[in-house]
Amino acid sequence: MFKYFFLAIAIMFSSTCHSDSPSVKDYQNNEANGAYDLYLYGLESGLEWAQEYTFAKHSIEFFCKPNDLILSAAKIRSLVNKEIEDNISFYTKYNDAPLIGLALRNAYISNFPCN
């Protein structure tokens, strides 16, 4: 489980671009056709594993998505797109960086806050 945490962190904060890690620009150019749906599901899975690990080890929750809520690829894209739109100056500045994982994490924090 420990290795999954670091895998998720590595994916979300990777500073190098890989062919399977789209830049913001690549994502925006291809998101309408669902080209990155599997990638988004992988990010979501890694994010949820990282959340579970962090809570188990440190009792910290970054977001509080209901356990029984399953998001479709379209809904995940919608969350990522809204995050990018809401912070367009940041994502435009780093348009060539693979920041979709960061956008998904920020979208989860915004949409599933812990009270």
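Reply: Happy to! A disulfide is a pair of cysteine sulfur atoms within 2.5 Å. Please keep in mind that this is a predicted model.

Me: How many disulfides does a search of the whole structure find, and which residues form a disulfide?
Reply: The sulfur atoms of Cys64 and Cys114 are 1.8 Å apart, and the cut-off is 2.5 Å. The search of the whole structure gives one disulfide, formed by Cys64 and Cys114.

Me: Is the link of Cys64 and Cys114 right-handed or left-handed?
Reply: The angle about the S-S bond is 105 degrees. That makes the link of Cys64 and Cys114 right-handed.

Me: How many residues apart in sequence are the parts that this pair ties together?
Reply: Cys64 sits in the loop between H3 and helix H4 (73–86), while Cys114 belongs to the segment after H6. The pair therefore ties together parts whose separation in sequence is 50 residues.

Me: Is Cys114 buried, partly exposed or exposed?
Reply: Buried means under 20% relative accessible area and exposed means over 50%. Cys114 has a relative accessible area of 33%, so Cys114 is partly exposed. For Cys64 the value is 27%, so Cys64 is also partly exposed.

Me: What volume does the largest pocket have, and how does its lining divide?
Reply: Cys64 is one of the residues that line the largest pocket, and others include Glu48, Gln51, Phe55, Phe63 and Lys65. The lining divides into five nonpolar, two polar and four charged residues. The volume of this pocket is about 230 Å³.

Me: What span should helix H3 have, and how far apart are its end C-alpha atoms?
Reply: H3 covers residues 37–58, which is 22 residues. At 1.5 Å a residue, H3 should therefore span 32 Å. This agrees with its end C-alpha atoms, which are 31 Å apart.

Me: Is Glu44 buried or exposed?
Reply: Glu44 has its place in helix H3. Not counting residues up to four places away in sequence, Glu44 touches Lys65, Leu71, Ile76, Leu104 and Tyr108. Its relative accessible area is 8%, and the cut-off of 20% applies, so Glu44 is buried.

Me: How far apart in space are Ala97 and Val24, C-alpha to C-alpha?
Reply: Ala97 is in the loop between helix H5 (88–93) and helix H6 (100–111). Leaving aside neighbours within four places in sequence, Ala97 is in contact with Pro22, Ser23 and Val24. Ala97 and Val24 are 73 residues apart in sequence, yet their C-alpha distance in space is 6.3 Å.

Notes
Residues numbered from 1 in each chain as written. Predicted model: local features only at pLDDT ≥ 70, side-chain atom pairs only at ≥ 80, totals over all residues. Heavy atoms only, no water. Helix = DSSP H or I, 4+ residues; strand = E, 2+ residues; numbered from the N terminus. Expected span 1.5 Å × (residues − 1). Contact = heavy atoms within 4.5 Å. Buried < 20%, exposed > 50% of the residue type's maximum accessible area, 1.4 Å probe, protein only. 1 Å grid on protein atoms, 1.4 Å probe; cavity = no way out; pocket = protein on both sides within 12 Å on 5 of 7 lines; lining within 4 Å. Points joined across faces, edges and corners; volume = space filled by probe spheres on them. Nonpolar A, V, L, I, M, F, W, Y, C, P; charged D, E, K, R; others polar.
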